[in-house]
Amino acid sequence: MQIKSQHRFIRALSVMGAAAIDSVFPRTCRICGQSLTVGERLMCVGCMAELPRTYLHKIDFNTLHQRIAGSHQIDIAAGWFFYYSDSPYARLIREAKYDDRPATAHTLGKLYGAELAADGLKGRFDVLLPVPLHRDKLIKRGYNQSLEIARGIASELECPVGDNLVATRAHKTQTRRSGLERYKNVEGSFAVRHPEELDGLSVAIVDDIITTGSTVLDCINAITSKSAPSSLNILSLGTTHMR
Ligand SMILES: [Zn+2]
């Protein structure tokens, strides 16, 4: 059998396998609850279409740039969709973070990565750096959702995920803090391991949600204090509307 037809055969088998599994354990859309068809992941086509996308990766000096801009030049600052805390899409990110669902985080990253790739961003980043979790939190939660999101995005953009960015101290939860308090809370929470490895690279920091931008700003400060990347970028699943 030719390699190409072998691949087609294996693909056909896996599609049939997925269909058989779905008939026993039906998968449902996590937004509307209707059954998913083969090829749909997490969300049905209708709910994917209604996702409140930001398209920020296509807009130069957008609202996210303005939130984070300071002394650093940020090339792409993007989030996949607007995070409204009472929307079912926001619930998906919270589940990926708090409900022991690393696979959800990975799949969300993969879905976003596929759209970034379709918009020509394959090859744009040399490495993705997930916002790290401090060891204590990592032990408690069992996984870092931002790492899973980064892995999902990276699988579509075909670039590596780095582990250079590390959390040096635990910071308390950001909920119910003002912008300034949040910034003070995370300032100096991160450091870069082997900073010389990032010199001259196009680096993208990956987070789950961007609110004030203080966490990614602190990551950027940690990176630029020790290394000289050629390009700094930010990718997140959710971003709040700028107030
Ligand atoms: Zn749906």
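**A core residue and a metal site**

Leaving aside neighbours within four places in sequence, I153 is in contact with G109, K110, Y112, G113, L116, L128, V206 and L235. Please bear in mind that this is a predicted model.

Where does I153 lie in the secondary structure? The residue is found in helix α7, which spans residues 145-157. Its relative accessible area is 0%, so I153 counts as buried, the cut-off being under 20%. As for distances along the chain and in space, I153 and L108 are separated by 45 residues in sequence, yet their C-alpha atoms are 8.4 Å apart.

Let me now turn to the core. The largest nonpolar core has 62 residues, and those touching the most other members are M43, W80, L128, I153, I223 and L235. Domain 1 (1-50) and domain 2 (52-239) each contribute at least three residues to this core. In soluble globular proteins, nonpolar side chains tend to be buried together.

Finally, the metal site. Which residues supply the protein donors of the zinc ion? They are C29, C32, C44 and C47, each through its SG atom, at 2.3 to 2.4 Å from the ion. In sequence, these donor residues follow the spacing C-x2-C-x11-C-x2-C. The angles among the four donor atoms run from 104 to 117 degrees, and the site is tetrahedral.

Terms used: Residues numbered from 1 in each chain as written. Predicted model: local features only at pLDDT ≥ 70, side-chain atom pairs only at ≥ 80, totals over all residues. Heavy atoms only, no water. Donors = N, O, S within 2.8 Å, 3.2 Å for Na, K, Ca; no water. Tetrahedral: all angles 85-135°; square planar, octahedral: opposite > 155°, others 65-115°. Core = buried A, V, L, I, M, F, W, Y, C linked by side-chain atoms within 4.5 Å. Buried < 20%, exposed > 50% of the residue type's maximum accessible area, 1.4 Å probe, protein only. Domains from an automatic or database assignment. Helix = DSSP H or I, 4+ residues; strand = E, 2+ residues; numbered from the N terminus. Contact = heavy atoms within 4.5 Å.
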